[in-house]
Amino acid sequence: MKYFFALAILCCLSFTAIAQSQNPNYNKALADSLGADDYGMKQYVLAILKTGSNTTTDKDKLNQYFRGHMENIGKLVKEGKLVVAGPLGKNDKNYRGIFILNAKTVEEARKMVETDPAVQAKVFDVELYPWYGSAALPVYLDTHSIISKENP
């Protein structure tokens, strides 16, 4: 009976070993440089920007906030802290845009978004959520920089 259990355990372990296979294209140096785990993934923080409580209609003020918002986005990208950003289409939840921040914790991400003048002025409110995604996200920006014809 003891041998039967040992054989059963060995069979289970062999099925597990077969189910997981190594990627023949695996690049350890690149994975390590991007902070990837064994699945090529890592922790980020998803930021959802929503219409805030500041409903000013002063065009000069709004232009100032949005200019600062875009400058802050550029600064965070250069620092490697912001890997995805973009506006959302009209929706019934007043969601305005998203960021995916290269941050391990919501608190770390909160400090990043608080540097945004539009967030500081309450033009945008921000919801933050832990998000697990491909560690390769930061390198797509290199490609984007050579396919965009105009800069905002």
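Two strands count as paired if DSSP finds at least two bridges between them. Helices (H or I, at least four residues) and strands (E, at least two) are DSSP runs, numbered from the N terminus. In these terms, S1 and S4 run antiparallel and are joined by eleven bridges.

The model is a predicted one, in which local features need pLDDT of at least 70 and side-chain atom pairs count only at pLDDT 80 or more, while totals for chains, interfaces and linings use all residues. Residues are numbered from 1 along each chain as its sequence is written, and side-chain values use heavy atoms, with hydrogens and water left out.

The chain has six helices and four strands. Along the sequence they follow the pattern α-α-β-α-β-β-α-α-β-α. Of the 152 residues in the chain, 24% are buried; buried means under 20% relative accessible area, exposed means over 50%, and partly exposed lies in between (1.4 Å probe, protein chains only). A contact means heavy atoms within 4.5 Å. Among contacts in the chain with a separation of 6 or more, 72% join residues 24 or more positions apart.

The sheet comes next. Four strands form an open sheet in the order S2-S3-S1-S4, with antiparallel pairing. Strand S2 (82-87) and S4 are the edge strands, each pairing on one side only. On average, neighbouring strands of this sheet are turned by 20 degrees against each other, direction ignored. Axes here are lines fitted to C-alpha atoms, for helices over the stretch in contact, and angles run from 0 to 180 degrees between N-to-C directions.

On S3, the pairing with S1 is antiparallel over six bridges, and the partner of Leu49 in S3 is Gly97. In a regular strand the side chains alternate between the two faces of the sheet.

Helix H4 (residues 106-113) lies across S1, S3 and S4, and runs at about 135 degrees to S4. Which residues of H4 are buried? They are Ala109, Met112 and Val113. Seen down the axis of H4, these buried residues fall within an arc of 90 degrees, so they line one face of the helix; the arc is that of the directions from the helix axis to the C-beta atoms. Their cover includes strand S1 (41-51), helix H3 (59-78), strand S3 (95-101), helix H5 (117-120) and strand S4 (124-134). Beyond its neighbours within four places in sequence, Ala109 is in contact with Val45, Leu101, Ala103 and Leu128.

Ala109 also belongs to the largest nonpolar core. Such a core is a set of buried Ala, Val, Leu, Ile, Met, Phe, Trp, Tyr and Cys residues joined through side-chain atoms within 4.5 Å. In soluble globular proteins, nonpolar side chains tend to be buried together.

The structure holds two aromatic pairs. Rings of Phe, Tyr and Trp (its six-membered ring) pair if their centres lie within 6.5 Å; planes under 30 degrees apart count as stacked, over 60 as edge-to-face, and the rest as tilted. Tyr44 and Trp131 form a tilted pair, 5.8 Å centre to centre with 40 degrees between the planes. Tyr44 is in strand S1 and Trp131 in strand S4, so the pair ties together parts that are 87 residues apart in sequence. Tyr44 counts as buried at 0% relative accessibility, whereas Trp131 is partly exposed at 32%.

The rings of Phe66 and Phe124 have centres 5.6 Å apart and planes at 85 degrees, so this pair is edge-to-face. Phe66 lies in helix H3 and Phe124 in strand S4, so the pair ties together parts 58 residues apart in sequence. Phe66 is partly exposed, with a relative accessible area of 28%, and Phe124 is buried at 5%.

His69 also lies in helix H3, and is buried with a relative accessible area of 8%. Not counting residues up to four places away in sequence, His69 touches Leu49, Phe99, Asp116, Pro117, Ala118 and Phe124.
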